[in-house]
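Here is a walk through one protein model, starting with the whole chain and then moving into its parts. Keep the 3D view open as you read.

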Amino acid sequence: MAEIKDRIVSLRNEKNITQSQLAEELNISPSAIGMYEQGRRKPSNELLEEICDYFNVDMDYLMGRSDIKNRYQAGLKYDWEDKKQEDSNIDMNTVNTDYIMIPLYESISAGYGASNSEFIEMIPVFGLKKNGTTYFAVKVEGDSMEPKIPNGSTIIIKKDIQIESGEIGAFNLNDENFVKQKKVVKDRLILHSFNLAYEDKVVNEFDDFIEYGKVVKVMIDL
């Protein structure tokens, strides 16, 4: 089975570009490309998405899970399309099938915190606007945001957008990921849980704090 490092080398050679040229396209250093191609370092999840976009290949191909570069261009269905048709008697030719493919990550905590999660797969999400906005999806673990965001649900997050006080977002606080409601009370930044069994988290001046994006959709498996 091919590895990520092998795919990057192969794709770069097929495109007939140097490590420096690829690094410039991805806005990273040539030395980073060298380490990825040697297998000494693994690209971040976000960078993996950028590499897929640049070479126009599926994530499964880049990760070495498939030998098909782009199932859509090959005239093949994705696994989720087959499953959707098997589970439904609806004629797919008569309904609106506008969707975008976004990355799904393993978990984010609606509880006491979770470390960085791994990429799972690309999934289709209907109803999102194709206007250059970047989205990603995360599985929720924990019940601190119930009943609005149930344990086991999937949240869709819109990146690079200001999260206002009172809105729900995905955050990283001191290397732990959370989905919480953002509140600003008397100049204090608070990450609030809807489930009152959980205490609010106060973000202090010297904490490492990142806002990933705003929660715009919650999907629940029936």
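**From the surface inwards**

The protein chain exposes about 13200 Å², and carbon and sulfur atoms supply 45% of that area. Areas here come from the Shrake-Rupley method with a 1.4 Å probe, and for residues only the protein chains shown count as cover. Before going on, note that this is a predicted model: local features need pLDDT of at least 70, and side-chain atom pairs count only at pLDDT 80 or more, while totals for chains, interfaces and linings use all residues. Residues are numbered from 1 along each chain as its sequence is written, and side-chain values use heavy atoms, with hydrogens and water left out.

The protein chain has six helices and nine strands; these are DSSP runs numbered from the N terminus, with helices (H or I) needing at least four residues and strands (E) at least two. Of its 222 residues, 41% count as buried. Buried means under 20% relative accessible area, exposed means over 50%, and partly exposed is in between, using a 1.4 Å probe and protein chains only. How much of the contact count comes from residues 24 or more positions apart? They account for 56% of the contacts in the protein chain with a separation of 6 or more, where contact means heavy atoms within 4.5 Å.

Two packed helices are described by the angle between their axes and the distance between the axes. In this model, axes are lines fitted to C-alpha atoms, for helices over the stretch in contact, and angles run from 0 to 180 degrees between N-to-C directions. Helix H1 (residues 4–15) packs with helix H3 (residues 30–38) at an angle of about 120°, their axes 6 Å apart. That makes H1 oblique to H3. As for the angle classes, under 35 degrees is roughly parallel, over 145 roughly antiparallel, 65 to 115 roughly perpendicular, and the rest oblique. On the H1 side, Lys-5, Ile-8, Val-9 and Arg-12 meet Tyr-36, Glu-37 and Gln-38 in H3. By class, that contact has three nonpolar, one polar and three charged residues. Here Ala, Val, Leu, Ile, Met, Phe, Trp, Tyr, Cys and Pro count as nonpolar, Asp, Glu, Lys and Arg as charged, and the others, Gly among them, as polar.

Which residues of H3 are buried? They are Ala-32, Ile-33, Gly-34, Met-35, Tyr-36 and Glu-37, and they pack against H1, H2 and H4. After H3 comes Gly-39, with a positive phi near 80°.

Take another look at Arg-12 in helix H1. Buried or exposed? Arg-12 is buried, with a relative accessible area of 11%. Leaving aside neighbours within four places in sequence, Arg-12 is in contact with Ile-17, Thr-18, Gln-19, Leu-22, Glu-37 and Phe-55. The C-alpha atoms of Arg-12 and Leu-22 are separated by 7.4 Å, at 10 residues apart along the chain.

Next, the core. A nonpolar core is a set of buried Ala, Val, Leu, Ile, Met, Phe, Trp, Tyr and Cys residues joined through side-chain atoms within 4.5 Å. The largest one has 34 residues, and those with the most contacts inside it are Leu-62, Ile-155 and Val-179. H4 gives the largest share of this core, five residues. Apart from it lies another core, of nine residues, among them Ile-100, Leu-104, Tyr-135 and Ile-156.

Finally, some backbone details in the loops. Asn-56 has a positive phi of about 60° although it is not a glycine; its place is the loop between helix H4 (45–55) and helix H5 (59–62). Asn-174 likewise is not a glycine and has a positive phi, of about 55°, in the loop between strand E5 (168–173) and strand E6 (176–185). The peptide bond from Glu-146 to Pro-147 is cis, with omega near 10°, and Pro-147 lies in the loop between strand E3 (135–141) and strand E4 (154–159).
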